[in-house]
Amino acid sequence: MKKQIAIDVSHISKIYKTEVMETVALDDVSFTIDKGEFVAIMGPSGSGKSTLMHILGALDKPTSGTYILDGENVEKLSDDELADIRNRKIGFIFQAFNLLPRTTILQNVMLPMRYGGVPVEERKVRAQKYLEMVGLGNRLNHTTNQISGGQQQRVAIARALVMTPAMLLADEPTGNIASAQAEEVMSIFQTLNDAGHTIVMITHEPDIAYHAKRIIHVRDGKITEDLKNHVRTVAKKLTHLET
Ligand SMILES: Nc1ncnc2c1ncn2[C@@H]1O[C@H](COP(=O)(O)OP(=O)(O)O)[C@@H](O)[C@H]1O
Ligand SMILES: [Mg+2]
């Protein structure tokens, strides 16, 4: 099967300008991500990860260069069109979960469908399906403050999936949770990726990045390394040792 491209970033630069100085946050970055990939973007603080995440998520536009997301040229769109593309094509997962407090997890997951124009009777069915998928089918009427951080992040994953986005975009998804729960979240990502979901995850933690199949390293606004299929390579070595 011919590979389809989810993300095509070409010669992207981002310059933040203030009255006193200019900061080059991204400096002529180019890469593509195929549909079905699971990619981690890694780099030290200040390297340009959040800037890149904002551009990939259509939350901000590059100063120069082109960005094609799932076949649509993003840098030409108006703010309204950007909002629309975000809602249809991207499932966001943030470090801070960004769930509504004092609201049931079922309602939290139903919310994007209200904005997305999904018929009322379908919203609950779909929300329930994705909450079951992340192992929270027995917590539907718990409010967000009644569950753990790891469970809250699983709710956020279900919420990111209900509009069936072209990709999941996660910014430090395990930054606020304990390590055992972080492993659970990564195992959900792996299951989703095995089922064909495209995942782009920003992290500064090597242990988390190693769950991805490809690791892009960013430093001073440039890509310094792009490791494809590294996990498969490790797996092969292990098999080799066993035989
Ligand atoms: N809104 C902004 N205005 C000015 N400079 C910014 C802004 N956002 C980020 N920067 C600068 O751009 C560079 C990259 O920042 P960022 O993308 O947040 O890196 P990271 O997420 O890897 O820590 C840093 O030097 C940062 O200080
Ligand atoms: Mg950042």
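A hairpin of 4 residues links strand E1 to strand E2. Helices (H or I, at least four residues) and strands (E, at least two) are DSSP runs, numbered from the N terminus. E1 spans residues 5-17 and E2 residues 22-34; the two run antiparallel, joined by 9 bridges. Strands pair if DSSP finds at least two bridges between them. Tyr16 faces Thr23 in E2.

This is a predicted model, where local features need pLDDT of at least 70, side-chain atom pairs count only at pLDDT 80 or more, and totals for chains, interfaces and linings use all residues. Residues are numbered from 1 along each chain as its sequence is written, chains are lettered from A and ligands numbered from 1 in the order in which they are written, and side-chain values use heavy atoms, without hydrogens and water.

| Largest pocket | Value |
|---|---|
| Volume | about 420 Å³ |
| Lining | 18 residues |
| Nonpolar lining | 12 residues |
| Polar lining | 4 residues |

Asn87, Ile90, Phe92, Pro112 and Arg159 lie nearest the pocket centre. H2 (79-89), E6 (90-94), H3 (105-115) and H5 (149-161) each give at least two lining residues.

The axes of H3 and H5 come within 8 Å and cross at roughly 30 degrees. H3 and H5 are therefore roughly parallel (under 35 degrees).

Technical notes. 1 Å grid on protein atoms, 1.4 Å probe; cavity = no way out; pocket = protein on both sides within 12 Å on 5 of 7 lines; lining within 4 Å. Points joined across faces, edges and corners; volume = space filled by probe spheres on them. Nonpolar A, V, L, I, M, F, W, Y, C, P; charged D, E, K, R; others polar. Axes fitted to C-alpha atoms, helices over the stretch in contact; angles between N-to-C directions. Parallel < 35°, antiparallel > 145°, perpendicular 65-115°, else oblique.
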